[in-house]
Amino acid sequence: MTTTQSVHTEARPIKVAKSSLLLETLQRTLKSPGAKVGTVLFVLIVLACVFAPLIAPYKPNDMDLTHMYSAPSSLHLMGTDGLGRDQFSRLLYGGRYSLALGITASLFGAIVGVIIGSFAGYFGGRTETVIMRLMDILSSIPGLLLCILISAVLGKGFFNTVLALAIAGVAEGARYIRAQILKERSKEYLEAAEAINCSKLSIMFRHLLPNVVQPVLVNVTMGIGMVIGMAAMLSYIGLGVQPPTPEWGALLAAGRSHILNYPYLIAFPGLVIAVTIFAVNLVGDGLRDALDPRLIS
Amino acid sequence: MPPLIEVKNLSKYFTVPAGLLHAVDHVSFTIEKGKTLGVVGESGCGKSTLGRTLIRLQEATDGTILLNGEDITHVNGNKLRDVRNKVQIVFQDPYSSLNPRLRIDDTIREPLKNSGRYPRSELKGRASALMDLVGIDVRLRQSYPHELDGGRRQRVGIARALAMGPEFIVCDEPVSSLDVSIQAQVLNLLMDLQDQMGVAYMFVTHDLSVVRHISDQICVMYLGEVVERCPSKELFVSNLHPYTKALLSAIPSVDINQPMQPIALKGELTSPINPKPGCRFSPRCPYARGGCSEQPQRLEEVATHHYVACCRVREING
Amino acid sequence: MIGRGYDPGRDENAGFLSVRNLNVIYTSRKKIVHAVNGVSFDMKKGETLGMVGETGAGKTTIAKSILRILPDPPAKVLGGEIRLDGKDLMTLPEKEMLKVRGEKVAMIFQDPMTALNPLMTIGDQIIEGLKLHNDYSDVEAAQKARELLEMVGIHEERFKEYPFEFSGGMKQRVVIGMALACEPDLLLADEPTTALDVTIQAQVLDLINKLKARYGTSMILITHNLGVVAQTCDHVAVIYAGKMIEYGNKKDIFIDYAHPYTRGLFASLPGFNVDAPRLKPIAGTMPDPTDLPPGCAFHPRCPYAIEECRNGEISLKEISPGHYCRCCNLQQIW
């Protein structure tokens with residue numbers, strides 16, 4: 001008789017569990033060529049600004065009175081302004097403000113928006129109605145106008161500008177998260193969490209939010225670009241960050257009156273702002289593709 | 001000794017724009033320790049709502065639920081937390097009933113933590129023991145739900161329910177989404193666990209062959225009401241309510257020598273919103289007479305432990 | 001019919017539908033899913049073939065290959081011949097294939113909403129379908145559409161309603177009616193009643209049987225429900241991991257089943273042996289289609305597996321007239 005093997009083991013090869021989901025998302029994002037380019041660019045810009053003291057040939061407020069309004073040269077790579085200050089150095093130092101503004105305001109607005117939107121979405125009923133109507137009021141004022149309004153009320157300066165820009169982003173974040181939560185709310189794992197005695201807050205922050213927050217990362221990333229642009233606009237019209245702080249928008253504003261005679265004063269800040277926003281948007285696009293639910297699972 | 005679960009006239013209504021939706025209406029039954037009540041019915045019969053109301057994921061509109069003699073119908077706060085340590089639930093969809101961002105050992109650790117019974121140091125060991133109990137391979141315990149198949153995910157769901165140490169588990173269609181060969185594995189697991197741990201079940205399903213195997217008694221529901229209730233073996237031998245007869249006759253049998261002769265039901269399901277007082281099955285019932293749609297039907301004990309809600313039950317069954 | 005070895009040259013015109021050595025893969029970024037691995041079978045006109053298997057066995061892929069509606073990429077038909085009334089559908093130019101779909105071969109799915117437009121009334125959709133494949137005037141089409149609703153047991157007054165106002169069973173009946181109204185030669189039904197309640201399922205199966213008898217349509221019914229197969233099909237093909245592992249008529253499969261997988265399927269049915277304290281599941285799970293075991297794909301789960309099962313191709317053998325089984329150890333099992 002032929003030997004019979006009684007085999008009752010698993011037929012499917014056992015896969016070893018992968019590492020964290022976050023890492024996976026990051027890896028997927030970097031697969032797209034656009035995201036690669038964007039990340040590299042953005043990182044370069046950030047590093048350049050962070051290491052400004054090492055890279056910049058001059059201090060941002062050093063005045064070289066012998067070379068006022070000079071065109072780009074080997075001495076001053078991007079020219080100088082009316083007070084002889086080196087534009088290249090000012091851009092590098094200024095980037096610290098602009099990037100800080102962009103990242104902080106975008107993050108802050110998103111976090112507050114997400115928290116508010118979560119309460120609205122999860123608790124529903126009157127809470128939801130009250131919160132969402134407030135958000136409606138907030139978003140009925142066009143973004144830039146809102147920034148101007150808040151800035152005018154709070155005053156100029158770095159922190160007030162962060163606040164103004166953040167508040168403008170709250171309504172969008174809240175609305176977005178609430179929509180995501182409405183979709184996710186009916187999933188059984190949330191009922192299951194309730195059934196095993198998780199507190200409502202714990203369900204909201206430990207179970208619900210992590211599953212809806214990923215798309216918000218895309219908004220935050222794109223938001224950085226938008227906020228930098230808005231900050232620039234605020235400075236341009238005299239609000240926001242003020243001279244002598246070399247924030248990019250302030251540089252743009254300063255160069256505005258000399259656009260015919262010394263175009264480089266406005267061209268370089270403008271270029272740098274544009275490139276940064278572009279890089280950030282590339283990363284955001286890559287992230288959005290990486291988070292596409294069709295590709296997950 | 002009071003029965004483990006006693007449900008008296010339980011009703012759950014929802015207010016909808018068109019009126020009052022009677023999802024569950026005047027349902028009564030008891031479940032003894034370590035036994036299984038099967039609840040069968042088709043879409044819209046209210047069986048899932050019934051299950052969720054028992055575990056207080058919904059709150060009853062009317063009636064009482066007694067756990068070991070104690071009224072738990074409207075408890076809140078710490079009393080409710082106590083109840084959840086005794087009454088748990090396994091969900092139907094293995095895909096949406098697990099948090100996709102939690103590894104399965106974390107999913108099982110959470111209820112252990114919430115129960116407050118074990119010190120932090122013991123949590124991992126106990127989670128491991130639970131996974132041994134339900135048969136999850138050691139190599140898979142760090143996985144995310146999407147890396148596992150439906151059968152294994154259901155085992156995780158079962159382990160999660162067991163983690164609270166319950167005496168009673170509502171199983172809401174736990175095997176309906178699984179392949180046939182996997183269904184048998186999970187059903188065996190549930191039955192083994194019942195033998196080992198003495199846990200009682202309310203097994204909700206639309207699949208009559210599954211419920212026969214696992215239940216001690218069976219309840220047939222239609223549009224929110226119980227139309228027949230009796231010991232499980234008896235239902236298949238002596239079914240008395242016209243709906244039960246129609247339901248059983250509609251099951252396609254694998255016996256090729258017995259071609260199906262389904263009892264044809266007229267029309268479609270009537271609306272559970274603002275239902276009229278009489279028998280809800282009468283618009284479709286092949287035996288309906290004039291009085292059926294006016295008289296409210298009551299569950300009557302027609303034979304030992306065999307209850308039917310039909311005013312013509314004796315005439316129809318001779 | 002299917003010979004001892006696969007010989008496409010022989011019995012070419014034996015059936016009205018003849019599938020030979022169908023091979024389909026799905027490509028994803030790194031892996032290849034072997035969905036269908038050399039499936040062959042024949043069908044006579046007017047016959048109903050039940051295709052049974054669990055999720056991922058490849059049954060839907062086979063049906064979609066017949067209609068050539070597999071998305072390419074990621075699906076790729078590696079080889080095979082599908083002859084309908086002598087014509088090889090695999091090599092037909094797309095223009096001609098358009099005439100085949102809907103007119104000669106129709107398909108219905110588990111979810112009727114894949115065929116229904118939520119924004120059009122049911123009546124309009126039926127009319128549109130009818131006019132696409134026939135030369136009806138508006139008035140004729142409307143008349144035929146009402147007759148169709150009548151035929152599937154839906155009251156005429158629902159003609160102007162939208163799909164959301166219909167229940168699942170009613171939608172499925174409409175879809176079936178639409179599919180059969182154009183009198184196709186072959187109907188592919190992919191789990192048509194799986195999502196329906198059991199009493200509704202009975203109605204729909206009854207309808208399918210009546211319409212089949214009226215129009216003489218051949219049908220391939222894909223399902224995992226053995227009961228449904230027993231009540232509606234003449235022949236049965238059991239599919240596992242992309243291969244057909246058993247084929248026969250109703251009696252062959254339901255009474256004289258041979259393959260260990262088929263035996264396992266029957267044994268694991270809850271209704272099968274009601275008095276047993278425990279059910280008898282098949283151990284293990286379906287194999288990973290990107291990494292199929294060598295030899296017989298079922299051998300890791302098979303209680304009768306021997307050394308031979310792991311080596312090379314196991315061929316389909318005729319164990320009694322018209323009854324085929326792909327197992328090398330049958331003598332030991334009986």
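**Close-ups of a three-chain predicted model**

**View 1. C:Asp190 sits in strand β7 (residues 186-190) of chain C.** Strands here are DSSP runs of E of at least two residues, helices are runs of H or I of at least four, and both are numbered from the N terminus. This is a predicted model, so local features need pLDDT of at least 70 and side-chain atom pairs count only at pLDDT 80 or more, while totals for chains, interfaces and linings use all residues. Residues are numbered from 1 along each chain as its sequence is written, and chains are lettered from A and ligands numbered from 1 in the order in which they are written. Is C:Asp190 buried or exposed? C:Asp190 is buried because 20 other C-beta atoms lie within 10 Å (buried takes 20 or more such atoms within 10 Å, exposed 12 or fewer, partly exposed anything in between, with C-beta atoms placed from the backbone). Skip the neighbours within four places in sequence, and C:Asp190 still contacts C:Thr60, C:Ala63, C:Met107, C:Ile108, C:Phe109, C:Gln110 and C:Ile222 (contact: C-beta atoms, placed from the backbone, within 7 Å). C:Ala63 is 127 residues away from C:Asp190 in sequence, yet 7.9 Å away in space, C-alpha to C-alpha.

**View 2. C:Thr223 belongs to strand β8 (residues 218-223) of chain C.** C:Thr223 counts as buried because it has 23 other C-beta atoms within 10 Å. Not counting residues up to four places away in sequence, C:Thr223 touches C:Gly50, C:Val52, C:Glu191, C:Thr194, C:Val228 and C:Val229. C:Glu47, 176 residues from C:Thr223 in sequence, is 16 Å away, C-alpha to C-alpha.

**View 3. Helix α5 of chain B is mostly covered, with 13 of its 14 residues buried.** This helix (residues 150-163) should span 20 Å at 1.5 Å a residue, and its end C-alpha atoms are 20 Å apart, so the two agree (the expected span is 1.5 Å times one less than the number of residues). After α5(B) comes B:Gly165, with a positive phi near 70 degrees.

**View 4. Chains B and C meet through 31 residues from chain B and 31 residues from chain C.** On the chain B side, α6 (180-197), α7 (208-214) and α9 (242-249) are the elements that give two or more residues. The largest share, eight residues, comes from α6(B). By class, that side has 17 nonpolar, nine polar and five charged residues (nonpolar is Ala, Val, Leu, Ile, Met, Phe, Trp, Tyr, Cys and Pro; charged is Asp, Glu, Lys and Arg; the others, Gly among them, are polar).

Technical notes
Contact = placed C-beta atoms within 7 Å.
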